[in-house]
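Open the model in your viewer and keep the selection tool handy. This tour goes stop by stop.

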Amino acid sequence: MLQKLFKFKGGVKPQTHKAMSVQASIGEAPLCERYYVPLHQSIGGKANPVVSVGQQVRKGQLLGAADGWVSAAVHAPTSGIVVAIEEYVAAHPSGLPTLSVVLAADGRDEWIDRQPVDYSRLAPERVRELLRDAGVVGLGGAVFPSHAKLTAAKNLPVEHLVINGAECEPFMTCDDLLMRERAEDIVRGSAIFRELLGARQVLIGIEDNKPEAVAAMQAAVTRLGEDYDVVAVPTRYPAGGAKQLIRVLTGKEVPASRRSTDLAVQCFNVATAYTAYRALAHGEPVTSRIVTLTGNVEQARNWDVRLGTPMRAAMTLAQPRADTQQYLMGGPMMGFEIPDLAAPVVKATNCLIAGKPAMFPPPPPEMPCIRCGACAEACPHELQPFELYWFARARNFGKTQEYYIFDCIECGCCSYVCPSHIPLVQYFRFAKSEIWAREREKQAADAAKARFEWRNAREEREAAEKAERLAKAAASRPAKPASSPTVASPAPVVAAVETAAPEVVSTAVAKSDANPAAATADPTPTDAESIKRATIVAAMERAKAQRAAVQPKNTSQLTAEQAKEIAAIDARRKAVAADKQATADDGGVADKP
Amino acid sequence: MISTLAVMALGAIVLGAALGYASIRFKVEGNPLVEKVDAILPQTQCGQCGYPGCKPYAEAIASGEAEINLCPPGGMDGVRKLADLLGREVKPLDAEEKPKQLAIIIEQTCIGCTLCIQACPVDAIVGAAKQMHTVVETLCTGCELCVKPCPVECIVMEPIAENLDNWKWKYPVIEIKRAA
């Protein structure tokens with residue numbers, strides 16, 4: 001335990017409010033009637049639905065298959081019938097809908113045939129695939145597919161595997177309780193990650209305001225005979241940020257716009273390690289998660305809530321007090337207000353807080369920035385929030401990127417300390433999403449331009465090819481006698497004008513008013529309209545004459561047998577036609593009484 | 001006196017030769033300004049500016065023939081960017097600004113005439129003669145060029161609704177709550 005700890009710059013110490021929800025053990029949330037499982041519950045590709053409406057599914061059955069490598073599957077939280085696959089309000093600050101599978105529970109809660117695997121014997125690729133298909137994602141809140149983080153770089157072996165149990169957000173205790181009660185499974189899950197990454201050392205970082213969790217994890221590590229270091233880190237928000245925890249535990253500072261893997265460090269949340277173990281060793285995909293229900297409630301507690309449970313149903317377990325006015329998902333520092341409590345609990349829902357105005361007073365009016373620099377001192381990423389604020393406010397997004405806005409983790413420390421009550425994080429979120437939108441637009445514009453240019457090139461090429469073909473046709477035309485134009489070829493008109501017989505030309509361009517041939521067709525034209533009509537009539541006449549003039553060539557040299565056959569067929573046809581005519585007449589008469 | 005003239009003349013010859021060489025050696029093909037203007041334009045290729053595509057309009061702007069406020073899909077934002085680039089005055093857009101839209105073919109009405117396919121500048125419509133056509137959503141630029149040629153008026157333009165993929169955090173404003 002002589003681990004040397006490092007410090008990260010900045011940070012704040014808000015009131016933790018954790019004590020109220022750690023009194024009771026993790027509860028098993030009862031079944032509710034309907035579950036709304038969004039198909040897109042992780043970073044990356046949207047899962048594709050693989051069930052159909054009306055289908056009976058069992059708990060843990062695949063509802064949506066991962067789409068691509070950076071994507072994770074979603075599963076049925078209980079057994080029941082798929083009622084609909086439709087747009088349903090998402091657990092998102094916008095309250096917009098997302099494609100979800102609506103499941104009516106049948107109350108039996110039957111598992112699928114769970115198949116535990118011996119992951120130590122499987123190839124690492126297969127283990128990663130299994131994790132993806134079990135829907136294992138980062139449960140700290142970022143929901144990045146875990147399997148995609150478990151590929152070690154070939155040239156840089158992973159040195160430290162950091163298991164994140166810091167849980168620095170106020171109110172939140174889901175990881176704390178998980179570590180207290182299910183420490184062994186977390187340690188076993190960490191062993192899977194360690195094996196896949198080939199990490200030299202495993203560090204489990206837990207904030208020192210959770211002594212029970214530290215003790216439980218330490219005991220589990222000893223019991224399982226692992227050599228992991230369970231480290232109590234100083235309580236300071238945001239010690240649970242991946243980069244901050246890495247800094248504290250290893251002293252390595254992740255540079256701007258780089259990942260921790262570039263420094264041979266990888267970081268996972270404790271709950272992620274737990275679900276990974278459950279998925280492999282028990283064959284249980286991620287169908288529920290621990291959610292802290294706390295705040296202005298009678299019974300703050302952690303519950304194992306099935307994914308897809310409407311937040312309203314989940315919240316009733318905690319019995320919100322009557323004066324509750326708002327609900328937050330996530331902590332008070334990084335979470336957001338839920339616009340609609342009908343939204344389901346998803347993999348990112350680590351905490352639901354009932355709030356009243358006394359607890360979360362509305363922000364006082366924003367005052368001008370006085371450049372005190374308090375935000376820069378509090379920023380754990382050593383950014384300059386006041387500069388970012390100026391540029392975001394002025395919509396000068398290029399400048400915000402120069403000041404590394406994308407290294408901002410939106411932890412909220414700057415807004416927390418700002419004496420002018422400026423909602424700095426909101427400005428940064430605004431700037432980030434604007435930059436992303438512009439990036440998308442730019443990409444779309446570039447793609448459109450490329451497609452337009454390709455199309456133009458193709459059209460030019462086709463025109464050139466056609467001209468060449470026509471030129472060739474025109475060149476070969478004089479060799480043939482011009483007196484026998486075939487009716488079936490009015491196409492090569494343009495090039496054939498000079499060479500072809502005049503009849504063909506006038507047939508094809510007969511619609512033109514100015515055609516001199518039209519005047520000759522009708523000697524008494526009065527106006528343009530009649531000229532046109534006459535031209536058309538003349539053209540049709542000519543076409544008819546030509547058609548009559550053409551002799552079918554395939555019947556000119558027939559054998560006697562063939563001629564006989566044809567005659568027989570003709571006779572049959574005539575008979576059938578006559579028959580039809582007769583029945584039609586009869587029927588017509590019979591129908592009219 | 002003569003030596004002075006000689007020195008000056010020599011200098012003139014040397015510098016002239018250097019300039020002449022440089023003008024050949026570092027010659028820039030095409031107008032780089034056109035590329036910059038073209039990069040700002042939204043590449044819908046809609047022709048609403050009166051030029052047959054974004055590139056021709058960019059050329060016209062770069063040569064000073066055209067105003068910078070003729071591009072409705074680019075919106076006021078585009079006008080502002082062009083004004084910044086070219087040092088010209090910002091002018092109000094010479095059309096009404098529309099939200100981004102998407103062409104949708106009403107499938108029941110489509111007769112499969114292929115006219116819209118021929119009109120689409122980015123090949124975003126698929127279909128064959130006498131077969132139903134459809135618009136590939138991700139490729140459609142919303143240029144409206146397919147609307148006019150349709151003989152049965154089965155193409156409608158629909159504004160792109162806000163969804164989770166294109167949702168953006170709003171500019172922070174202090175909410176004024178209604179007094180209960």
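**Stop 1: two helices in chain A**

Select helix H2 of chain A, residues 174-181, and helix H4 of chain A, residues 211-223. The model is predicted. In it, these two helices pack at an angle of about 35 degrees. Their axes lie 8 Å apart. The crossing of H2(A) past H4(A) is left-handed.

Now show the side chains at the contact. From H2(A), pick A:Asp176, A:Met179 and A:Arg180. From H4(A), pick A:Glu212, A:Ala213, A:Ala216 and A:Met217. Colour them by class. The contact of H2(A) with H4(A) has 4 nonpolar and 3 charged residues, and no polar ones.

**Stop 2: the sheet in chain A**

Next, switch to the strands. Chain A has an open sheet of 6 strands, with mixed pairing. Follow the order S1-S14-S13-S17-S15-S16. Which strands are the edge strands? They are S1 (27-28) and S16 (336-337) of chain A, and each pairs on one side only.

Zoom in on strand S15, residues 326-329, and strand S17, residues 351-355, both of chain A. These strands run antiparallel, and 4 bridges join them. For one pair to click on, take A:Leu328: its bridge partner in S17(A) is A:Ile353. In general, strands of a sheet pair through backbone hydrogen bonds, either parallel or antiparallel.

Bring H2(A) back into view. This helix packs on the sheet. It touches S13 (288-295), S14 (301-306) and S17 of chain A. The direction of H2(A) makes about 125 degrees with that of S13(A).

**Stop 3: two helices in chain B**

Move to chain B. Its mean pLDDT is 89, and 96% of its residues reach 70 or more. Select helix H2 of chain B, residues 32-40, and helix H4 of chain B, residues 75-86. Their axes come within 10 Å and cross at roughly 160 degrees. Why do we call H2(B) roughly antiparallel to H4(B)? Because angles over 145 degrees count as roughly antiparallel, the crossing makes H2(B) roughly antiparallel to H4(B). H2(B) passes H4(B) in a right-handed crossing.

Show the contact residues here too. H2(B) contributes B:Lys36, B:Val37 and B:Ile40. H4(B) contributes B:Gly78, B:Lys81, B:Leu82 and B:Leu85. By class, the contact of H2(B) with H4(B) has 4 nonpolar residues, 1 polar and 2 charged.

**Last stop: the whole complex**

Zoom out. For the complex, the predictor gives an ipTM of 0.82 and a pTM of 0.78.

Terms used:
Residues are numbered from 1 along each chain as its sequence is written. Chains are lettered from A and ligands numbered from 1 in the order in which they are written. This is a predicted model: local features need pLDDT of at least 70, side-chain atom pairs count only at pLDDT 80 or more; totals for chains, interfaces and linings use all residues. Axes are lines fitted to C-alpha atoms, for helices over the stretch in contact, and angles run from 0 to 180 degrees between N-to-C directions. A crossing is left-handed if the near helix is turned anticlockwise from the far one by less than a right angle, and right-handed if clockwise. Two residues are in contact if their C-beta atoms, placed from the backbone, lie within 7 Å. Ala, Val, Leu, Ile, Met, Phe, Trp, Tyr, Cys and Pro count as nonpolar, Asp, Glu, Lys and Arg as charged, and the others, Gly among them, as polar. Two strands pair if DSSP finds at least two bridges between them. pLDDT is the predictor's confidence in each residue, from 0 to 100. Angles under 35 degrees count as roughly parallel, over 145 as roughly antiparallel, 65 to 115 as roughly perpendicular and the rest as oblique.
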